[in-house]
Amino acid sequence: MSFDFHEPASIAEAVALAARFGTEARFLAGGTDLLVQIRRKRVAPRHVVSLHRVPGLDTIDANGEIRLGALVTHRALERAPAFQGALRALVEGARVVGGHQIRNVGTVGGNIVNASPAADVVPVLLVLDAAVTCVGPNGAREMKLDEFLLGPGETALRPDELLTSIRFPAPALRSATGFLKAGRRRAMEISVVCVAVWLSLDGDDRCAGVRISLGAVGPRALRSCDRPVESSPRTVSRSRTSAHRQPTGGFSWKHSFRARSGQR
Ligand SMILES: Cc1cc2nc3c(=O)[nH]c(=O)nc-3n(C[C@H](O)[C@H](O)[C@H](O)COP(=O)(O)OP(=O)(O)OC[C@H]3O[C@@H](n4cnc5c(N)ncnc54)[C@H](O)[C@@H]3O)c2cc1C
């Protein structure tokens with residue numbers, strides 16, 4: 001295994017290197033996927049372009065619309081105060097990625113570009129209706145994450161492009177998110193299946209919208225289509241009643257939604 005190692009100090013330099021070396025180059029973020037693939041001889045890049053010296057790619061901007069730099073780590077997602085309420089699925093997705101060492105260096109950009117069908121943060125970003133920004137020699141372009149992901153290990157990213165950020169709308173006032181993962185072990189295990197949900201209510205406690213995404217069940221994470229939910233107060237009160245009847249150890253539909261949406 002041998003390659004030339006490059007350490008650009010700006011996005012422009014990183015993109016110029018990618019444009020120069022094309023498919024012979026790979027960007028290196030946390031390296032938790034790339035280095036394993038190099039070691040297992042699944043990829044053999046002649047040039048590795050480290051992103052560690054490129055400034056501005058590791059910030060979380062949560063003033064209004066949310067913007068995540070591609071180099072934001074899973075650990076940073078887990079700890080971000082902005083994600084403890086209605087966006088808690090981001091915390092729940094990030095905190096089950098690998099173990100502490102993996103989460104300290106593994107990035108959200110790497111999770112997306114690696115395009116594993118079992119990537120844990122991807123389903124969460126899909127229900128948040130995220131878009132990705134890619135910068136290439138001809139400038140920046142933005143795509144919906146749902147269109148960016150093509151299949152196992154395959155995305156719409158061009159060889160001369162760098163994924164720089166991910167953005168999604170700020171959570172609506174009466175909305176909540178959740179993420180659950182099932183694996184064979186509780187830690188250091190990829191998902192056998194994972195599910196992310198986004199739900200919003202109108203002023204009468206009726207479900208106004210819902211999005212569901214499933215990971216590890218197809219060639220890429222799948223997202224339900226966006227359709228407004230038709231629910232009458234009657235159907236909601238019926239579902240509330242049945243939710244209270246479930247043997248879930250005191251689960252309260254209303255309490256659970258309020259806790260997740262950060263409402264009192
Ligand atoms: C032991 C172990 C356990 C793991 N457990 C999980 C798990 O439970 N859940 C899970 O989802 N994942 C898991 N992973 C996979 C991995 O940790 C994540 O996918 C992580 O988010 C990858 O990020 P990274 O920064 O390390 O990516 P890297 O390895 O640096 O890069 C991955 C790929 O993306 C490309 N890339 C990275 N950043 C960019 C960018 N900004 N622009 C363009 N291309 C880019 C690289 O060229 C490479 O092809 C595990 C990995 C290991 C080794």
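## Strand pairing

Strand β6 (131-136) and strand β7 (residues 139-144) run antiparallel and are joined by 6 bridges. The model is a predicted one: local features need pLDDT of at least 70, side-chain atom pairs count only at pLDDT 80 or more, and totals for chains, interfaces and linings use all residues. Residues are numbered from 1 along each chain as its sequence is written. Helices (H or I, at least four residues) and strands (E, at least two) are DSSP runs, numbered from the N terminus. Two strands pair if DSSP finds at least two bridges between them.

β6 and β7 make a hairpin, with 2 residues between them. In this pair, Val132 stands opposite Met143 of β7.

Strand β1 (residues 4-6) runs parallel to β3 and is joined to it by 3 bridges. Here His6 stands opposite Val49. β2 also runs parallel to β3, with 4 bridges. In that pairing Arg26 faces Val48 of β3 as its opposite residue.

Elsewhere, 4 strands form an open sheet in the order β11-β12-β13-β14, with antiparallel pairing. Its edge strands are β11 (175-182) and β14 (222-223), each pairing on one side only. Strand β12 (residues 193-201) and strand β13 (residues 207-215) are antiparallel and share 8 bridges. Ala196 stands opposite Ser213 in β13.

The bridge counts are collected here.

| Strand pair | Direction | Bridges |
|---|---|---|
| β6 and β7 | antiparallel | 6 bridges |
| β12 and β13 | antiparallel | 8 bridges |
| β1 and β3 | parallel | 3 bridges |
| β2 and β3 | parallel | 4 bridges |

## Overall fold and core

The protein has 10 helices and 14 strands. Of its 264 residues, 37% count as buried. A residue is buried if 20 or more other C-beta atoms lie within 10 Å of its own, exposed if 12 or fewer, and partly exposed in between; C-beta atoms are placed from the backbone. Two residues are in contact if their C-beta atoms, placed from the backbone, lie within 7 Å. Among contacts between residues at least 6 apart in sequence, 62% join residues at least 24 apart.

Which residues have the most contacts inside the largest nonpolar core? They are Val124 and Leu125, in a core of 60 residues. Such a core is a set of buried Ala, Val, Leu, Ile, Met, Phe, Trp, Tyr and Cys residues joined through C-beta atoms within 7 Å. Helix α7 (residues 121-127) supplies the largest share of this core, 6 residues. Leaving out residues up to four places away in sequence, Val124 touches Ala89, Leu90, Gly93, Phe179 and Ala196.

Helix α1 (residues 11-21) buries Ala14, Val15 and Ala18. These residues are on the same side of α1 because they cover an arc of only 95° around the axis. The arc is that of the directions from the helix axis to the C-beta atoms. Just after α1, Gly22 takes a positive phi of about 55°.

## Around the ligand

The ligand is surrounded by 30 residues, the closest being Ala29, Gly30, Gly98, Gly110 and Asn111. A residue counts as near if its C-beta atom, placed from the backbone, lies within 6 Å of the molecule. β2 (25-28), α2 (34-39), α6 (108-114) and β10 (162-168) each supply at least two shell residues. α6 gives the most, with 5 residues.

The shell divides into 17 nonpolar, 10 polar and 3 charged residues. Ala, Val, Leu, Ile, Met, Phe, Trp, Tyr, Cys and Pro count as nonpolar, Asp, Glu, Lys and Arg as charged, and the others, Gly among them, as polar.

## Loops and an exposed site

Most residues other than glycine have a negative phi. Asp129 is not a glycine, yet its phi is positive, near 60°. Asp129 sits in the loop between α7 and β6. Asp129 counts as partly exposed because it has 16 C-beta neighbours inside 10 Å.

Asp205 also is not a glycine and has a positive phi of about 65°. Its loop lies between β12 and β13. With 16 other C-beta atoms within 10 Å, Asp205 is partly exposed.

Is Gln101 buried or exposed? Gln101 is exposed, because 11 other C-beta atoms lie within 10 Å. Gln101 belongs to helix α5 (residues 100-105). The C-alpha atoms of Gln101 and Arg75 are separated by 9.4 Å, with the two residues 26 apart along the chain.
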